[in-house]
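Here is a briefing on the charged pairs, the chain contact and the DNA surface of one model. Have the sequence and the structure open as you read.

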Number of protein chains: 2
Amino acid sequence: MPDSAFKEIRHLALFSQMADDTFSALMRGAYVQNFPAQIELITEGDPSDFLHVVLSGSVDLFSSWNGRETSLATVRPISTFILAATIKDAPYLMSARTLEKSRIALIPSQDVRAVFDIDGSFARAIVTELAQCYRSVIKAQKELKLRTSLERLANYLLRQQRRTGGTAAFSLDYEKRRLASVLGMTPENLSRAFKGLEPFGLQIEGTRVTITDQAEFERFAKPNPLIDDASA
Amino acid sequence: MPDSAFKEIRHLALFSQMADDTFSALMRGAYVQNFPAQIELITEGDPSDFLHVVLSGSVDLFSSWNGRETSLATVRPISTFILAATIKDAPYLMSARTLEKSRIALIPSQDVRAVFDIDGSFARAIVTELAQCYRSVIKAQKELKLRTSLERLANYLLRQQRRTGGTAAFSLDYEKRRLASVLGMTPENLSRAFKGLEPFGLQIEGTRVTITDQAEFERFAKPNPLIDDASA
DNA sequence: CACTATGATTGACAATTATCAAGATCGCAA
DNA sequence: TTGCGATCTTGATAATTGTCAATCATAGTG
């Protein structure tokens with residue numbers, strides 16, 4: 001594995017507290033690979049052979065059932081995915097595909113479990129990471145069950161606005177069909193939802209979004225830290 | 001804390017591997033309390049002062065937003081809840097109320113975090129527990145996004161059938177209004193969903209359910225281990 | 001034994017969301 | 001630039017789900 005990737009991974013909260021030798025041991029079996037866009041990295045149901053780390057690009061986590069498909073999350077650099085499956089030595093619950101050209105590190109799951117068993121600080125780091133993941137999914141679940149599609153879109157836009165610096169105008173970070181799937185609706189309805197938000201102070205042109213009346217827009221969206229704050 | 005409760009908690013996977021003295025230390029600040037039905041134990045947004053353990057009875061985890069409310073899970077003996085909030089020292093994302101008369105152990109969160117920092121085996125046990133919780137929520141999320149309300153009900157019934165021993169006739173374990181909320185629908189629609197499943201081999205009288213044509217019913221429900229198996 | 005309160009069901013209706021079928025638009029490559 | 005393919009949008013329609021009101025069933029309670 002190239003030195004640069006090694007360093008990037010080392011800086012992740014998950015690995016930063018480990019002893020040098022255990023980290024080296026963990027990296028010994030790991031390797032980095034470049035993938036083109038739209039490559040299926042893992043398939044739900046498969047055994048979890050590797051813990052994945054996205055070094056660059058982005059990855060879509062999705063799931064299918066009975067001919068339907070839905071996006072559950074997007075993984076951006078630098079972070080890991082399918083940690084829970086790796087730890088439990090259980091099959092993947094989600095599939096993963098690259099959204100764009102991506103560089104991914106693959107760390108053998110059995111090495112992760114072995115180090116986890118001997119290195120307490122690594123175990124603690126994993127706890128923190130998993131607790132974070134768990135709370136994120138709970139928030140997603142609340143959003144899905146408590147909000148209409150219009151409300152979900154409005155709050156997504158507010159979150160995206162904050163992520164991109166808080167200015168009135170910003171752009172969507174991925175294509176609308178995926179956004180629709182993430183938000184639990186069809187692309188057609190997403191289009192209509194954008195239209196439906198215009199009376200509350202939204203303008204949209206292609207991928208460019210402008211919140212023209214922040215107060216009114218937030219009055220409609222009713223953002224809530226217990227659903228919308230990534231950190232809380 | 002009474003000796004019996006102490007023993008029950010000790011047998012939980014979460015605590016069974018701890019050293020005796022750390023377990024004692026953890027239990028020193030803990031106490032057990034009896035609650036009547038319909039008592040709100042915790043409120044979402046509050047700081048997570050205690051890790052809770054349900055010793056008897058049952059607890060509903062729910063959440064509210066903008067005047068709406070939804071049930072996210074039911075906790076039955078013997079298990080803990082709001083572990084993630086305790087670990088992260090973050091506010092509760094869900095509220096909790098007793099569904100019936102319940103006995104609950106309360107363990108100060110700061111003690112849990114303190115022990116977690118010094119006891120590697122406890123940290124590892126927490127990881128396993130959290131990974132399990134995480135995967136459960138992912139499954140719930142998949143169910144909600146990929147299945148219609150009829151399909152969710154059908155698969156819930158198959159899971160309940162398995163939990164209660166697999167016989168054709170069995171009974172619902174909680175009231176229908178809560179079931180509706182858990183499944184993400186209104187009580188009215190749950191009523192209609194039960195009716196809608198009759199052509200596929202279901203009979204229902206009050207709280208008593210009979211699957212009269214198992215093969216046909218499963219053909220409709222299409223259960224999937226990556227959504228419906230509690231263990232996977 | 002009524003009486004009451006609560007939950008469950010039903011029907012009528014409204015709102016939301018999905019589906020299908022055209023078009024419109026955009027990005028990209030020849 | 002032109003043309004192609006994909007995404008996005010729009011309209012018409014259907015399916016699903018939610019809301020409201022009324023009724024029914026049931027379990028306690030006096």
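Lys142(A) and Glu44(B) meet through their side chains in a salt bridge, 3.0 Å from N to O. Lys142(A) sits in helix α6 (residues 120-146) of chain A and Glu44(B) in the loop between β2 (40-42) and β3 (50-56) of chain B, so this pair joins two chains. The model is predicted.

**Burial of the Lys142(A)–Glu44(B) pair**
- Lys142(A) has a relative accessible area of 0%, so it is buried.
- Glu44(B) has 15% relative accessibility, and because buried means under 20%, Glu44(B) counts as buried too.

- Glu151(B) forms a salt bridge with Arg68(A); the closest N and O atoms are 2.7 Å apart.
- This pair crosses between chains, running from helix α7 (residues 149-163) of chain B to strand β5 (residues 68-75) of chain A.
- Buried or exposed: which is Glu151(B)? At 7% relative accessibility, Glu151(B) counts as buried.
- Arg68(A) is partly exposed, with a relative accessible area of 30%.
- Arg68(B) and Glu151(A) also form a salt bridge, with their closest N and O atoms 2.7 Å apart.

**The contact between chain A and chain B**
- Four salt bridges are found across the interface of chain B and chain A.
- The interface also holds 26 residue pairs in polar contact, both residues at pLDDT 80 or more.
- On the side of chain B that touches chain A, the elements giving two or more residues include β4 (59-65), β5 (68-75), α5 (109-118) and α6 (120-146) of chain B.
- Which element gives the most to that side of chain B? It is α6(B), with 21 residues.
- The residues on that side of chain B split into 28 nonpolar, 15 polar and 13 charged.
- Chain B puts 56 residues into the contact, and chain A puts in 57 residues.
- Together the two chains bury about 5000 Å² between them. Carbon and sulfur atoms carry 71% of that area.

**Salt bridges within chain A and overall**
- Over all chains, the count comes to 30 salt bridges.
- Arg103(A) pairs with Glu8(A) in a salt bridge, the closest N and O atoms being 3.4 Å apart.
- That pair links distant parts of the chain: Arg103(A) is in strand β8 (residues 102-108), Glu8(A) is in helix α1 (residues 3-10), and they are 95 residues apart.
- Glu8(A) is partly exposed, at a relative accessible area of 27%.
- Asp60(A), Glu69(A), Arg97(A) and Arg178(A) are linked in a network of salt bridges.

**The surface near DNA strand D**
- DNA strand D is surrounded by 15 residues. Among the closest are Lys176(A), Ser191(A) and Lys195(A), along with Ser149(B) and Asn189(B).
- At least two residues each come from α8 (176-182) and α9 (187-197) of chain A and from α9 (187-197) of chain B.
- α9(A) supplies the largest share of this surface, with four residues.

- Arg192(A) places a polar side-chain atom 2.8 Å from a base oxygen of DNA strand D.
- Arg177(A) has a backbone N or O atom 3.0 Å from a phosphate oxygen of DNA strand D.
- Thr186(B) has a polar backbone atom 3.4 Å from a phosphate oxygen of DNA strand D.

Notes
Residues numbered from 1 in each chain as written. Chains lettered and ligands numbered in written order. Predicted model: local features only at pLDDT ≥ 70, side-chain atom pairs only at ≥ 80, totals over all residues. Heavy atoms only, no water. Buried < 20%, exposed > 50% of the residue type's maximum accessible area, 1.4 Å probe, protein only. Contact = heavy atoms within 4.5 Å. Buried area = accessible area lost by both parts, 1.4 Å probe. Polar contact = N/O pair within 3.5 Å; in protein donor to acceptor, adjacent residues only side chain to side chain. Nonpolar A, V, L, I, M, F, W, Y, C, P; charged D, E, K, R; others polar. Near = heavy atom within 4 Å.
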